[in-house]
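This note sets out, point by point, what a colleague may wish to examine in the model shown below.

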Amino acid sequence: MKLLKLKMQRRSFLRNIAAAGLTTSFAGQLMSTNAFAQTAQARRFVFVYYPNGVSRGDSRWHQFNLGPLNSNSFGSSPLSQLSSNFDKVIGFKNLNFTGAGGNSGHPEACETLFAGGNTGETFDSYIGRNIGGRLRDNIHLGVWSSRAKSKNHMPFSDTNGQKIEVPDDPQIFYNNNLSAFQNNGGSNNNEDLSLRQRVVESLHENLDVMQAQTLNVQQQGKLLSHEEALDFYQTVLSSNASIDGIVSPGISMTGDDEIGHDLALAQTRNIAMAFQADVTNTATLQLMSAQDESLRINYPSIRQYMGDFGSGEKLFYNETRSHVASHDEKPTFTAQAHWYCQVVNNLVNELSLRDDPKWGGKLIDHTVILVMSEMGGGNHQQENSGTFLVAGNATGLQTGMGIDAQQVSSANLMLEIANAFGLNLSNYGNSNGGIAGVAS
């Protein structure tokens, strides 16, 4: 009965929040046990995947020097798209996929590379499972990932080792996960809002009854997870004001290649909104799939990098497709890498603009973004990959740096990221230590 009394007191607290007219963000701070934590530790993670590697020569990708970066460090390479956020970038030279599951075949690389050389659960799922989230561990979003040749060409696997088929439609994700947070005009007389409030309260009452019973540890843990979800929805519904900037993407999937750029930007906004609403702490953004030959990447924002293919009928040649362009490392291949970096930069900007209601500051401050392909280079090279991090100033990572990875595998980088989240691992996958200079 003591447990039941505590639950009832907690619900009364939530109702008092509503009566006081406090905002969702402030209520979320009050309810979070970590609201005032100031330690430098990563709290949120995004894994961005792009296909087929990059052109890796110094004049194309690894143009930056080792050591501190500045706004001119990236020259004309695809990383120049992140020049305005250079202080958040960690660029790597000599980071290899060899020994971490990298393989000369695309589907073979997807089998193990993203799990640090193991089969089964990939790094994104591992992080999501270990750092959790108030409502869910992970969200997975895609751009034309549904055109994959097969499941074997998908990079990410769930905690059971099953390949994740990533949803591509930004509007559907928004409708299913974020629409409840959209500004409702501050009206508490909204009939739909009142109905939701009654449903949540009824579920709370039933939860109290179940928690008053004698339960084993596993059953009690499941009920507590349900309660956390209900408490969060209660906080949202009790607010007179919704979270700022939760808006509809305004775009859905069609069969047109031309909308790929807008779809990608909409998915970055979905991730930022999900973080701000505290729906999850972990997200993946999958830009197409391995060995992709489906999408023409010829958007106006990258035509200046496409050479002869940047205008006229050549805009629609096969060489504007990722895998087709990769083996000869054509200008279109480097232009595609510019586009991937534009998408990442947009994600960084979205996270930089939004307040963090849980940890304070901006969302980017406690976020780590890992950007990685299944190939190092366009001709299936495994060495000196086009992998980089973007991280906030409260993650405990040494940002704004070009680092020589000394030929170690990408599993070592995953180990560094895991420990930035406080997981204190001695090993992840096939790692043999960390990478000097990543942790601050």
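1. Helices α5 and α8 pack at an angle of about 20°, and their axes lie 9 Å apart. Axes here are lines fitted to C-alpha atoms, for helices over the stretch in contact, with angles running from 0 to 180 degrees between N-to-C directions. Because angles under 35 degrees count as roughly parallel, α5 and α8 are therefore roughly parallel to each other. The crossing of α5 past α8 is left-handed, a term used if the near helix is turned anticlockwise from the far one by less than a right angle.

2. On the α5 side, this contact (heavy atoms within 4.5 Å) is made by P170, F173 and Y174. On the α8 side, L263, A266, Q267, N270 and M273 take part. By class, the residues of the contact are six nonpolar, two polar and no charged. In this classification Ala, Val, Leu, Ile, Met, Phe, Trp, Tyr, Cys and Pro count as nonpolar, Asp, Glu, Lys and Arg as charged, and the others, Gly among them, as polar.

3. The model is predicted: local features need pLDDT of at least 70 and side-chain atom pairs count only at pLDDT 80 or more, while totals for chains, interfaces and linings use all residues. Residues are numbered from 1 along each chain as its sequence is written, and side-chain values use heavy atoms, with hydrogens and water left out.

4. The protein chain has eleven helices and eight strands; these are DSSP runs (helices H or I, at least four residues; strands E, at least two), numbered from the N terminus. Of its 440 residues, 57% count as buried, that is, under 20% relative accessible area, with exposed over 50% and partly exposed in between (1.4 Å probe, protein chains only). Among contacts between residues at least 6 apart in sequence, 75% join residues at least 24 apart.

5. A nonpolar core is a set of buried Ala, Val, Leu, Ile, Met, Phe, Trp, Tyr and Cys residues joined through side-chain atoms within 4.5 Å. The largest one has 60 residues, of which V48, L82, L178, I271, W339, I369 and F388 touch the most other members. Elements that each supply at least two residues include β1 (44-49), α5 (170-177), α8 (260-276) and β6 (367-372). Helix α10 gives the most, with ten residues. A second, separate core of 42 residues includes F123, I164, V408 and I435.

6. Which residues does I369 contact, leaving aside its neighbours within four places in sequence? They are V46, V48, L347, V348, L351, I364, F388, L389 and V390.

7. In helix α4 (residues 123-131), the buried residues are F123, D124, S125, Y126, I127 and G128. The buried residues of α4 pack against β1, β4, β5, β6 and α11 (410-420). Just after α4, G132 takes a positive phi of about 65°.

8. N346 is placed in helix α10 and is buried, at a relative accessible area of 19%. Apart from its neighbours within four places in sequence, N346 is in contact with L265 and T268.

9. Most residues other than glycine have a negative phi. D278, in the loop between α8 and β5, has a positive phi near 60° and counts as buried at 7% relative accessibility. Q291, in the loop between β5 and α9 (322-326), also has a positive phi, near 60°.

Methods:
Parallel < 35°, antiparallel > 145°, perpendicular 65-115°, else oblique.
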